[in-house]
Number of protein chains: 2
Amino acid sequence: MNIVIIGAGRVGTALSMALNNSGHNILKVISRSGKNTERLAGILGCEYGNKPVIPPASEVVIAAVNDDALYSLMKEINIPDNTVIAHTAGSVGLEVFERHITDFGVFYPLQTFTMGRDYDFHSIPLFIEANNKKSHSVLKSLALTVSEKVFDLSSEKRRYLHLAAVFVCNFVNHMYYAGKEITGMAGMEFNVLLPLLEETLEKVYELGPERSQTGPAIRNDKKTIEKHLDLLSFSPDLQKMYRVITGAIINKYTG
Amino acid sequence: MNIVIIGAGRVGTALSMALNNSGHNILKVISRSGKNTERLAGILGCEYGNKPVIPPASEVVIAAVNDDALYSLMKEINIPDNTVIAHTAGSVGLEVFERHITDFGVFYPLQTFTMGRDYDFHSIPLFIEANNKKSHSVLKSLALTVSEKVFDLSSEKRRYLHLAAVFVCNFVNHMYYAGKEITGMAGMEFNVLLPLLEETLEKVYELGPERSQTGPAIRNDKKTIEKHLDLLSFSPDLQKMYRVITGAIINKYTG
């Protein structure tokens, strides 16, 4: 398909590379900031620009910009007839398109993207939503060319998925940060934790999270919990997290 | 070496298998509850019992029992001359041995253990502490036969490591549980999150946790944070965790 990508950030870059690798024709990359645009367009061998001017031959426009930018973008963009536009945001519904566009939808990849990393899109779940049959058929067939895991999902349910992603990615990463800080207090490097991080993930694959839970909280081991809170006196935020997460584990398993 | 294992729980089982695989001679498995003892002794081809009676030929006794059981055990055990005893607890110091034993120390593997799983001990960090040169030399040479990552570490520092493990294993696992619950609200299965879990771990390997942080908290995206707190109204504990962890991320990155 002929595709225009709006946004040359982490999601726009990863998606345009994946679509390009799947044989699609990226016509143009559009980015307001222009920061990574020229470089990305160079890799993709396509035009680029900083205004939302969509070439008439476009079949799909993917807007991979942040939520606020998406609302401003929709005020100034003109979509050619027969072009379907989709956004990639976890928490934004279809209403952002509704005022002046005919065919629209959502193309949400459930992954955390970082510049400069390669992604195997085949295993990344893609969630599709559309305002009519035509948009749905275009977006779904496009999705199926890049991923083996394509699902129809409403905006309301997609918001929950995005929220789940915050817990298992953003919050997990902050637990890793906490582990690094505390390991530093023992004079050790972060990488001493890596076998434990790996086994924790492998266990959840095999057993699921409920059967994988271990540690002082699930045993309601008050002595160890008190000692740990003492050790954390160097950081009020780590202490607060320890208290709240431990309380939640106790409530779930022994409450 | 001739080794006696006290405790046939998760740590005792994993350690005795690893020591056995490394060519050591497990003389006896001792466990008060006797639950898994007979089966484990069968696998290891050794004696078993439920009283802490140590065969005179023992060179090392490893007490892999929980903290409270360790204190009671030390009241009734008799250690032969020339035998070194070590415990495997993250949060217990050397003082538990001090009253009536000559050679003692700590043999702490930094890992989460589950019954029935195989462990490649070569990559598991082992932390050693001892009360004198002889105990140190015995425990260190034993550790080096099972792991490539053997470190000397004081009780005080080991307590921090154990606390770090709570964050990166127990708390991470609870974030996975939260992700599963919330994914259920979207009508999706937990396994839709697995590519995201995997990438989150791979990123922290390559970039470290600070450079891997993404999501609404690090952007201090108040609108999304408020929406997420609304969506979490079905669970006060998830809501509390969201609020505290988000606050900690905001403090760290934008505070």
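Predicted model: local features only at pLDDT ≥ 70, side-chain atom pairs only at ≥ 80, totals over all residues.
Residues are numbered from 1 along each chain as its sequence is written, chains are lettered from A and ligands numbered from 1 in the order in which they are written, and side-chain values use heavy atoms, with hydrogens and water left out.

**Chain A at a glance**

- If you follow the C-alpha trace of chain A along its principal axes, it spans about 70 × 35 × 35 Å.
- Of the 255 residues in chain A, 59% are buried. Here buried means under 20% relative accessible area, exposed means over 50%, and partly exposed is in between (1.4 Å probe, protein chains only).
- Take the contacts in chain A between residues at least 6 apart in sequence: 55% of them join residues at least 24 apart. A contact means heavy atoms within 4.5 Å.
- Chain A carries 26 positive and 27 negative charges, and their mean positions are 4 Å apart. Lys and Arg count as positive and Asp and Glu as negative, while His and the chain ends are not counted. Each charge is placed at NZ of Lys, CZ of Arg, CG of Asp or CD of Glu.

**Where the two chains meet**

- The size of an interface is often given as the accessible area lost when the parts come together.
- Chain B and chain A bury about 8800 Å² between them, with 69% of it on carbon and sulfur atoms. Buried area is the accessible area (1.4 Å probe) that two parts lose on being put together, summed over both.
- Arg117(B), Tyr160(B) and Phe167(B) supply 8% of the area that chain B buries against chain A, more than any other three residues.
- The contact takes 89 residues from chain B and 89 residues from chain A.
- Thr246(B) sits in helix H8 (residues 236–254) of chain B and counts as buried because its relative accessibility is 4%. Leaving out residues up to four places away in sequence, Thr246(B) touches Phe171(A), Ala217(B) and Ile225(B).

**Salt bridges**

- A search of the whole structure turns up 20 salt bridges over all chains, and the rule finds 10 across the interface of chain B and chain A. The rule asks for a side-chain nitrogen of Lys or Arg within 4 Å of a carboxyl oxygen of Asp or Glu.
- Asp68(A) pairs with Lys223(B) in a salt bridge, the closest N and O atoms being 3.0 Å apart.
- Arg117(A) forms a salt bridge with Glu206(B), where the closest N and O atoms are 2.8 Å apart. This pair crosses between chains, from the loop between strand E6 (104–109) and strand E7 (126–130) of chain A to helix H6 of chain B.
- Arg117(A) is buried, at 14% relative accessible area, whereas Glu206(B) counts as exposed at 58%.
- Glu202(A) and Arg117(B) also meet through their side chains in a salt bridge (3.7 Å, N to O). Glu202(A) lies in helix H6 (residues 194–207) of chain A and Arg117(B) in the loop between strand E6 (104–109) and strand E7 (126–130) of chain B, so this pair joins two chains.
- Glu202(A) is partly exposed at 39% relative accessibility, while Arg117(B) is buried at 15%.
- Glu206(A) forms a salt bridge with Arg117(B) too, the closest N and O atoms being 2.8 Å apart. Glu206(A) is in helix H6 of chain A, and counts as exposed with a relative accessible area of 56%.
- Salt bridges that share partners tie Arg117(A), Glu199(B), Glu202(B) and Glu206(B) into one network.

**Positive phi angles**

- Most residues other than glycine have a negative phi, and most peptide bonds are trans.
- Asn220(A) has a positive phi, near 50°, and is not a glycine. You'll find Asn220(A) in the loop between helix H7 (209–212) and helix H8 (222–231) of chain A, partly exposed at 25% relative accessible area.
- Asn220(B) has a positive phi of about 50°. Asn220(B) lies in the loop between helix H6 (194–212) and helix H7 (222–231) of chain B, and is partly exposed with a relative accessible area of 25%.

Note on methods:
Helix = DSSP H or I, 4+ residues; strand = E, 2+ residues; numbered from the N terminus.
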